[in-house]
Amino acid sequence: SPEEATMILSVMAQEDLAIAENDKQGFERDYIQEVLKKELASVSDGLISPVDLQIIAETIKQQNTSAMRAFNRTVFQKLGGIEGLRRSFLESMLEPLGIERKKSAVQVLVALTNLEQQTRSQVQTLEQVQEKVKATIAAKEVEKIVTYLQETGLITVAEKEGIKGFELSHEGMISP
């Protein structure tokens, strides 16, 4: 729930960023809870994905100044809100690949997306992904990229009718 998610982020802020529980500037409880409820809570059940909490916490933790390592309105606005946090997280996960491999990784992620419905596509085998991007990425390179994306947690292994395949780990990454 948004209340539980706020509590989890509060604990993360205290442990990872050494923000005191009563530090109003470092952790604006009411604002964070409002953002979580409005932007991340599922329409169907009102719950928030643990992946979203991880993305928020990791992105805030990676900021290079102590003023930007806070859970408050100012930081969230400077980072572009939840969408900006997701975009920053995705960028940080793909940055080690370098420019060309990063472009290829984005193509692989797009291949695992149903762009018309803005959802994850069905589980796809490595061969299906390779087929979708074969015009621009060699099969061996796709295999390496898929392995990397798995290691970062951006895609997960899933099964479809007993066949191992891949899917995006979170639909929140589609827009970024």
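1. Contact here means heavy atoms within 4.5 Å. In this predicted model, D52 touches L40, R86 and H170 by that criterion, when residues up to four places away in sequence are not counted. The place of D52 is in helix 3. With a relative accessible area of 5%, D52 is buried.

2. The protein chain comprises 8 helices and 4 strands. Read from the N terminus, the order of its elements is α-α-α-α-α-α-β-β-α-α-β-β. The C-alpha trace spans about 55 × 35 × 25 Å along its principal axes.

3. Among contacts with a separation of 6 or more, 58% are made by residues 24 or more positions apart.

4. How many aromatic pairs does the structure hold? There are 2 aromatic pairs. One of them joins F27 and F71; this pair is tilted, with 5.7 Å from centre to centre and 50 degrees between the planes. F27 belongs to the loop between helix 1 (2-17) and helix 2 (29-40), and F71 to the loop between helix 3 (50-61) and helix 4 (73-78), so the pair ties together parts that are 44 residues apart in sequence. Both partners are assigned to the interior: F27 is buried, at a relative accessible area of 5%, and F71 is buried, at 1%.

5. Y31 and F76 also form an aromatic pair, and this one is edge-to-face, with 6.0 Å from centre to centre and 85 degrees between the planes. Because Y31 lies in helix 2 and F76 in helix 4, the pair ties together parts that are 45 residues apart in sequence. Y31 is buried, and F76 is buried as well.

6. Attention may now turn to helix packing. Two packed helices are described by the angle between their axes and the distance between the axes. For helix 6 (residues 98-111) and helix 7, the axes come within 10 Å and cross at roughly 115 degrees. The crossing of helix 6 and helix 7 is right-handed. On the helix 6 side the residues in contact are Q107, V108 and A111, which meet V129, K132 and V133 in helix 7. Sorted by class, the contact of helix 6 with helix 7 has 4 nonpolar, 1 polar and 1 charged residues.

7. Helix 7 (residues 126-133) also packs with helix 8 (residues 139-152): their axes come within 10 Å and cross at roughly 120 degrees. Angles of 65 to 115 degrees count as roughly perpendicular and those over 145 as roughly antiparallel; helix 7 and helix 8 are therefore oblique to each other. The crossing of helix 7 and helix 8 is right-handed.

8. Which residues of helix 7 meet helix 8? They are L126, V129, Q130 and V133, and their counterparts in helix 8 are A139, V142, E143 and V146. By class, this contact of helix 7 with helix 8 has 6 nonpolar, 1 polar and 1 charged residues.

Notes:
Residues are numbered from 1 along each chain as its sequence is written. This is a predicted model: local features need pLDDT of at least 70, side-chain atom pairs count only at pLDDT 80 or more; totals for chains, interfaces and linings use all residues. Side-chain values use heavy atoms; hydrogens and water are left out. Rings of Phe, Tyr and Trp (its six-membered ring) pair if their centres lie within 6.5 Å; planes under 30 degrees apart count as stacked, over 60 as edge-to-face and the rest as tilted. Helices (H or I, at least four residues) and strands (E, at least two) are DSSP runs, numbered from the N terminus. Buried means under 20% relative accessible area, exposed over 50%, partly exposed in between (1.4 Å probe, protein chains only). Axes are lines fitted to C-alpha atoms, for helices over the stretch in contact, and angles run from 0 to 180 degrees between N-to-C directions. Angles under 35 degrees count as roughly parallel, over 145 as roughly antiparallel, 65 to 115 as roughly perpendicular and the rest as oblique. A crossing is left-handed if the near helix is turned anticlockwise from the far one by less than a right angle, and right-handed if clockwise. Ala, Val, Leu, Ile, Met, Phe, Trp, Tyr, Cys and Pro count as nonpolar, Asp, Glu, Lys and Arg as charged, and the others, Gly among them, as polar.
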